[in-house]
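Subject: Structure for you to look at

Hello,

Please find the structure below. Have a look at it before you read my notes.

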Amino acid sequence: MRIIGTGSALPKKTVTNDMLATFLDTSDEWIQTRTGIKSRHVISDENIEDLGAEAVRKALEMSGLQVSDIDMFIVSNVVSEYVTPGMSCIIAEKTGLSCPMLDINCACPGFIYALDIAETYYKAGKIRTAIIACVEEPTRMASWEDRSTCVLFGDGAGAVVLAEGDNIKGTKLHSEPSPDKLWQRRTLVDTPYITKAEFDVPLQMKGREVFKFAVTECTRGVDELLKDTGIPKEKVDWFMVHQANRRIIDAIISYMGQPAAKFPVNITDHGNSSSASCPILLDECNRKGMFKEGDTIVFSSFGAGLLSGAAVVEW
């Protein structure tokens, strides 16, 4: 397939490091030094599904297609106020989509997993067009008393419209099941028969282990995928790396041995928006006119699971 439209939407509330320092034992210097983040967009009076719908509408407008032209709708979402129906149905009702739709929870690499799914359906001859929306509010997962996690995240939504083409040159998915590295638990409705202990736990993360996984699997996944597709790293125009932590991004740049200018960054004022990170970054770069036809773009992302993925796309 090929990407013919992009869109994104962010909450209007901007939370700076100095604002966090009023109730956390932290400072702007402490956060920036460890994460590269100065501020992030945080859900206040918005609903995440409305941001998702806005991103979809913007991507559709850019593509020139109508909702009736779309054959499949895939939404990546980790958590929301809804248990059911899926976020895809909620956003579809707001945008007029009525095609087959599904939801995935692959955490941060959800955009790449969704690309792989859409491309597979396309190659099977079942669809010609698709929309992927990544709709995330990770600020609702972390404890706002835990400076090691809550300072990392921001909310938002990103979307792309896909049509017929031969521009997705390859995808590579990877898993290293380690649920104890990055996780959150919540209790469900009780029943008269539950005897086990259940509890709510905000987001927990073993930072050093996640850092090691992110850098190792990002570089290895990209290297293997480029080898499979026969594309030298030097021929890649842009590396769209998941905006999780500036230290991680800098380590990846160092290992890749490519110019830092090839790695667009928006983590400074966005934070980590989970699977929405890559499509938000893509949309912002696209609307700045950074891409030209024929550019080679590599996506790489990693997150809870532990899961990771890479994709090579020709613009």
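This is a predicted model: local features need pLDDT of at least 70, side-chain atom pairs count only at pLDDT 80 or more; totals for chains, interfaces and linings use all residues.

Residues are numbered from 1 along each chain as its sequence is written, and side-chain values use heavy atoms, with hydrogens and water left out.

Some terms come up throughout. Helices (H or I, at least four residues) and strands (E, at least two) are DSSP runs, numbered from the N terminus. Two strands pair if DSSP finds at least two bridges between them. Contact means heavy atoms within 4.5 Å. Axes are lines fitted to C-alpha atoms, for helices over the stretch in contact, and angles run from 0 to 180 degrees between N-to-C directions.

The four-strand sheet

This sheet is open and mixed, with the order β8-β13-β12-β11. β8 (168-175) and β11 (238-241) are at the edges with a single partner strand each, so one side of each has no neighbour in the sheet. From one strand to the next, the twist averages 10°. β8 and β13 (307-314) run antiparallel and are joined by seven bridges; Ser175 stands opposite Leu307 in β13. Helix α5 (110-123) lies across β8, β12 (296-303) and β13, at about 125° to β8.

The five-strand sheet

A second open sheet, also of mixed pairing, has the order β1-β7-β6-β4-β5. Its edge strands, β1 (2-9) and β5 (101-104), each pair on one side only. β4 (73-76) and β6 (130-136) are parallel over four bridges, and Val75 stands opposite Ala133 in β6. Helix α8 (277-287) lies across β1, β6 and β7 (156-163), running at about 100° to β1.

The cores

A nonpolar core is a set of buried Ala, Val, Leu, Ile, Met, Phe, Trp, Tyr and Cys residues joined through side-chain atoms within 4.5 Å. Buried means under 20% relative accessible area, exposed over 50%, and partly exposed in between (1.4 Å probe, protein chains only). The largest core has 41 residues, of which Val222, Ile252 and Phe302 touch the most other members. Helix α6 gives the largest share of this core, eight residues. Apart from it lies another core of 34 residues, including Met1 and Leu281.

The loop residue

Where is Pro192? It is in the loop between β9 (182-185) and β10 (201-205). Pro192 counts as exposed because its relative accessibility is 74%.

Regards
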